[in-house]
Amino acid sequence: MLDGILTGLSTAVTPINLLMVFVGCFAGTFIGMLPGLGPISAIALMIPITYGFDPSTGMILMAGVYYGAIFGGSTSSILINAPGVAGTVATAFDGYPLAKQGHAGKALAIAAYSSFSGGTIAAIFLLIAAPALASVALSFQSADYFALMILGLTAVSAFAGKGKFLIAILMTMLGLMLSTIGQDQSGIQRFTFGAIDLIDGLSFLLLAMATFALSEALMVVLKPEATSKEAEKATKGDLGSMKITKEEVKDLAPVVARSSVLGFFIGVLPGAGATIASFLAYGMERNFASAKEKLKFGKGSLRGLAAPETANNAASSGSFVPLLTLGIPGSGTTAVMLGALISYGVQPGPRLFVENPAVFWSVIISMYIGNIILLVLNLPLIPYIARLLALPKQILTPMILFFSLIGVYLVSANTIDIQIMVLVAIIAIFLRLIDFPLAPMLLGFILGGLMEDNLRRALDIYDGEISFMWERPLTASILAITAVILFAPMIKGLIDIRRNKALKVNDGEG
Amino acid sequence: MFGKTTKLSRRFVLSMAAAAVSVGMAMPLSSVSAADIDKIHFLIPGGAGGGWDGTARGTGEALTKSGLVGTASFENMSGGGGGKAIAHLIETADRQGDTLMVNSTPIVIRSLTKVFPQSFRDLVPVAGVIGDYAAFVVPADSKYKSFSEVVTDFKADPKSVKIAGGSARGSMDHLVAAQAFKAAGGNPNDVKYIPYDAGGKAMAGLLSGETSILSTGLSEAIELERSGQVRILAMTGANRTSDAPNIPTLTEQGIDATFVNWRGFFAAPGTSKEKVAEYNAALEKMYDTADWETVRARNGWVDVFQPADVFYTFLEEQEGIIGDLMRELGFL
């Protein structure tokens, strides 16, 4: 294995490959920053260019675009509430409020450092254990994925402010319902009303762009006074400042560590991915946070920003485990990369790191280099990019509207998507006006589809019995964790009440 | 209105000129002559990176590089399982004189299940270009060594044979499995099909042990077998292929079932017979070019050229077989 790593290292540091890491990361950051436009189309269109290359060089370039896009995607999430890629939707939950409070530079810096740490820690995991991790990827069956999605739903508490719990659950339900639109596993159309455009269901990114970017920009138009004051405050504030205090670093280090591990393992599972990882990490940190910190989530918590941003990058690196060691793509983007690898004549699978160590290890090693390049590339730009918010609203708002609409259109090249987007944005504005949170809806939507598909498969496999929920150890364990998360606060509350009573009784006696 | 007609007539003149050139230049010189067809616009009913996308871009690349076609442009239009692009091609037929839409077996299945109201009859089938057989795959450590062992288990207890596939119930992977077990003397309604949302996820399901057999395309199966994780029990060609001579057909295992997932091109309704003949001539020449061989080998495609009339008959035949099977399974 050491020989292989050395071969990989010597391949990764050849001038052409270093150049490709740079080109890939640069292009990726840019693609990621453009709202809506994800890495998948960019990589698909890039494949013909890579045919003349050595397989390692081609893969290094495409991998750079992939994690570069997830790195860069946070920028538009934070600045204009328009997620660059699906994996950075959760970044907007706390990143955008931070930017609005005048801390855009700080938020961008934390996102960059978190992405860097997540990507680098994941690359270390890959280097140490990639071949062995193949079995982890295969240990999850449909029943376990179902349990994982249920666990993910507990993250809804992260979005529920005081007294808002019922509303948050209501919005999660709405998200679950929206995820059932389209053709289901048995080929039956649901809620399509005979419209051909609804057969494939709604796209997550479209929903996120409409509810966040579009409705936010339209709110600015609807309520001009309220926002112009905020804007003033923002411009006066330290918009471009990237200062992070020592206490904050100390506070965020464990968050980054936890989210890297979680994100990486979710990424390794072929049935999950970066988006799920970011939502789970966000929910997990909310559960770990102190009561005081909990209230900050959704209103500009640094932890709430660092967690999803670390997890999505760790997950994108983790997704190379099933791709390289099993030849199984976990996402659309990795599926395109698999196609490219095969057309180079490289067969990914358990023997890849033995038969083709140069390709296997050089891609992994290029990820370290890539993450450093991304950090160096992004940090100096932050003060300038953050200044974007200092633009007058008359210019910024139309720009946001334009980029969000174009971004979604470019993904599907389907005009109906723009119409659906506007409709969703109008509904979202109404929901905002009556103070209903939209993030739980996105959570329900992203988990809903996977939850239903996996439950139906598990039921099919177990002949309609639900016994798998306790008979499969992995499923049972995940469900048990879910139960603990759900009931622990309740039980803790009950104990507190008892203790208080007991104390009072003691006081009375004393 | 006026602008549209002038554009059309100019296009018409150009294509006639191109045809005249290629005819006038006599056969031996055709390779150095101007392109046979001035330009082709490929309409792709799915997103970048999919199978349709690869077929259109690969064909376009081979046609232009070999000089058979002057320029090729590509347009991705996803939505409605391909229905969006079909509707668009029909609605704007008068402006789509140079357009070829790529499609495959699902156009037959989806028009049967009324996912979209149109069928291949509403378009002008131009040619079938490449094909892929279906294959049945088990993990390398599976107890099954041949497909007949699977059939024996299926007949004893259909529930014990869980078949994974990368598409919804009632779509290709499911229908092929039902067809095979029916031909083997079993009841196709008993087939326990477990749908996944992509081929890769179905493969992960198979390797995780939750399903026992995977129904997928042969070219994908060959790649998987090469990585040493799976074994291919059977494929659905009428004869063994030269790419994988060691893989037995269903027919030779006594199961009379064949299936080919074709990919081919369709033109807008109203496209003239002459234009279709031009396309066919260009495509036929394409198979002998080195540029096509590069594209074909890169993607592991199997050449299955079906010129327009053969293609049409084939589509009708496939529609009949699939339709009967779907009726029996209760999907229609």
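## Contacts and overall make-up of chain B

Two residues are in contact if their C-beta atoms, placed from the backbone, lie within 7 Å. In chain B, 75% of the contacts with a separation of 6 or more are between residues 24 or more positions apart. The model is predicted: local features need pLDDT of at least 70, side-chain atom pairs count only at pLDDT 80 or more, and totals for chains, interfaces and linings use all residues. Residues are numbered from 1 along each chain as its sequence is written, while chains are lettered from A and ligands numbered from 1 in the order in which they are written.

Chain B contains eleven helices and ten strands, both taken as DSSP runs numbered from the N terminus (helices H or I, at least four residues; strands E, at least two). Of its 332 residues, 49% are buried, a term that requires 20 or more other C-beta atoms within 10 Å of the residue's own.

## Domains of chain B

Chain B is assigned domain 1 (2-131 + 261-325) and domain 2 (132-260); such bounds come from an automatic or database domain assignment. Twelve residues of domain 1 and 14 residues of domain 2 form the contact.

On the domain 1 side, α4 (106-112), β9 (260-267), β10 (302-307) and α11 (308-328) each supply at least two residues. This side comprises seven nonpolar, five polar and no charged residues. Here Ala, Val, Leu, Ile, Met, Phe, Trp, Tyr, Cys and Pro count as nonpolar, Asp, Glu, Lys and Arg as charged, and the others, Gly among them, as polar.

## Interface of chains A and B

The contact takes 41 residues from chain B and 42 residues from chain A. On the chain B side, at least two residues each come from α3 (83-91), β6 (192-195), α7 (199-208), α8 (218-226) and α10 (290-299). Helix α7(B) gives the most, with seven residues. By class, the chain B side has 13 nonpolar, 17 polar and eleven charged residues.

## A helix pair in chain A

Helices α19 (residues 393-412) and α20 (residues 415-433) of chain A pack at an angle of about 140°, with their axes 8 Å apart. The axes are lines fitted to C-alpha atoms over the stretch in contact, and angles run from 0 to 180 degrees between N-to-C directions. α19(A) and α20(A) are therefore oblique to each other, as angles under 35 degrees count as roughly parallel, over 145 as roughly antiparallel, 65 to 115 as roughly perpendicular and the rest as oblique.

From α19(A), the contact involves A:Leu405, A:Val408, A:Tyr409 and A:Ser412, and from α20(A), A:Asp417, A:Ile418 and A:Met421. These divide into five nonpolar, one polar and one charged residues.

Methods: Buried ≥ 20, exposed ≤ 12 C-beta atoms within 10 Å, placed from the backbone.
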